[in-house]
Amino acid sequence: MTAAGAERAFVVGVDSGGSGLRVALARAGDGERDGRILETVTSGEPVRTGPGGIDAGQLLGRLLPAVDAMAARAGGGAVRAVAVGAAGMATLGDRLRAELPGALAEAWGVRRLALAADAVTAYAGALGQRPGAVVAGGTGLIALGTDLSGWRRADGWGHLLGDCGSGAWIGRAGLEAAMRAYDGRRGGSAALLARAEERFGPAAGLPAALYPRTDRPAVLASFAPDVAAAAGAGDPVASGILAEAGRRIAEAAAAVLPASPDGPDGEVAFTGGLFRIGEALLGPLRAELGRMAPGVREVPAAGDPLVGAVTIAAALAGGTLRLPEDPRMLQVTR
């Protein structure tokens with residue numbers, strides 16, 4: 001394609017998750033991070049999930065007109081590649097895998113499509129196409145690593161089976177410490193009890209207020225800032241919870257780092273709102289990770305999952321995609 005033709009071509013990145021849907025239109029480039037984002041459309045309404053998984057029809061119903069409008073505002077042009085990152089892609093993405101390739105080919109004539117787990121787009125946003133590891137932390141937590149020959153995953157198993165060190169994990173541990181103080185048991189925190197009752201009401205009513213909720217992970221995570229505030233005010237129990245969370249996160253990161261003869265090695269980036277908690281979490285995390293993987297190099301995350309989706313789409317359009325393909329993690333149609 002000529003330079004003028006490339007200037008009129010686009011790639012599309014999509015980030016679909018529990019907080020809504022984001023779509024970015026970018027210029028098609030010739031390689032990694034060449035796709036310059038022109039415009040982003042954001043909707044706070046998540047794409048529905050039903051018995052058949054993520055609702056492909058609803059996603060298309062919002063994606064197609066949004067991209068058409070953005071492309072018209074950008075002067076028109078062809079879409080060369082699309083990358084969709086979605087929470088639950090591995091287990092709930094069957095409809096997307098079945099319906100999106102044909103629908104996008106019919107609508108835009110686009111054949112290059114990447115369907116990725118949201119952890120993969122988080123990885124691509126943070127590190128691009130370099131080997132290493134990324135830990136994405138918010139309400140939940142997952143670590144993903146690659147040596148560019150395959151993916152390694154740790155955690156991301158939800159608040160009942162894992163997500164160790166996540167916002168939900170920290171909040172649950174803080175509420176347990178509050179209830180210990182309410183009962184008069186060892187390990188309790190009067191400071192966390194006071195904060196829990198301020199946020200949720202009398203402690204005795206907390207189980208009834210929490211257990212019926214369908215959004216329990218988010219409710220638990222809403223208490224994580226209170227744990228951080230109590231730690232900042234000098235509460236030793238809250239500080240201990242954050243220190244343990246940091247150690248758990250380090251374990252996940254070390255588990256997915258590329259292997260070397262001397263053990264886990266390479267670059268690691270931490271992305272997501274969880275890490276805004278600050279040094280009370282990051283200090284123990286870095287100390288434990290340095291002990292487990294002495295050669296690791298922490299680097300700042302370059303971008304978020306939407307940037308990662310655009311990165312994948314631009315690489316796919318330019319024929320430079322190096323991230324490993326996988327039926328559940330990163331499925332590519334060319």
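## Close-up views of a predicted model

**View 1. Helix H5 packs against helix H13 (residues 305–318) at an angle of about 85°, with 6 Å between their axes.** This is a predicted model, in which local features need pLDDT of at least 70 and side-chain atom pairs count only at pLDDT 80 or more, while totals for chains, interfaces and linings use all residues. Residues are numbered from 1 along each chain as its sequence is written, and side-chain values use heavy atoms, with hydrogens and water left out. Helices (H or I, at least four residues) and strands (E, at least two) are DSSP runs, numbered from the N terminus. Axes here are lines fitted to C-alpha atoms, for helices over the stretch in contact, and angles run from 0 to 180 degrees between N-to-C directions. The angle makes H5 roughly perpendicular to H13 (65 to 115 degrees; under 35 counts as roughly parallel, over 145 as roughly antiparallel and the rest as oblique). On the H5 side, the contact (heavy atoms within 4.5 Å) is made by Val 120, Thr 121, Ala 122, Ala 124 and Gly 125. H13 brings Pro 305, Val 307, Gly 308, Ala 309, Thr 311 and Ile 312 to that contact. Sorted by class, the contact of H5 with H13 has seven nonpolar, four polar and no charged residues. In this sorting, Ala, Val, Leu, Ile, Met, Phe, Trp, Tyr, Cys and Pro count as nonpolar, Asp, Glu, Lys and Arg as charged, and the others, Gly among them, as polar.

**View 2. Three aromatic pairs turn up in a search of the whole structure, and one of them joins Tyr 123 and Trp 151.** Rings of Phe, Tyr and Trp (its six-membered ring) pair if their centres lie within 6.5 Å; planes under 30 degrees apart count as stacked, over 60 as edge-to-face and the rest as tilted. Tyr 123 and Trp 151 are edge-to-face, 5.4 Å centre to centre with 85° between the planes. The pair links distant parts of the chain, with Tyr 123 in helix H5 (residues 118–127) and Trp 151 in strand S10, 28 residues apart. Tyr 123 counts as buried, at 0% relative accessibility (buried means under 20% relative accessible area, exposed over 50%, partly exposed in between, with a 1.4 Å probe and protein chains only). Trp 151 also counts as buried, at 16%. Now move over to Phe 270 and Phe 275, an aromatic pair that is tilted, with 5.3 Å centre to centre and 50° between the planes. Both Phe 270 and Phe 275 are buried.

View 3. While you are here, look for Arg 153: its charged end sits over the ring of Trp 157, 3.8 Å from the ring centre. For a charge to sit over a ring, NZ of Lys or CZ of Arg must be within 6 Å of the ring centre and within 35 degrees of the ring normal.

**View 4. Gly 132 is buried in strand S8 (residues 132–137).** Its relative accessible area is 0%. Not counting residues up to four places away in sequence, Gly 132 touches Tyr 123, Leu 127, Leu 144, Gly 145, Thr 146, Val 256, Pro 258 and Glu 267. Gly 132 and Gly 17 are 115 residues apart in sequence and 24 Å apart in space, C-alpha to C-alpha.

**View 5. Asp 15 lies in strand S1 (residues 10–17) and counts as buried, at 14% relative accessibility.** Leaving aside neighbours within four places in sequence, Asp 15 is in contact with Gly 20, Leu 21, Arg 22, Gly 85, Pro 305 and Leu 306. Of these, Pro 305 also takes part in the contact of H13 with H5.

**View 6. Gly 57 belongs to helix H2 (residues 56–73) and is partly exposed, at 38% relative accessibility.** Beyond its neighbours within four places in sequence, Gly 57 is in contact with Arg 95 and Glu 99. From Gly 57 to Val 237 there are 180 residues in sequence and 48 Å in space, C-alpha to C-alpha.
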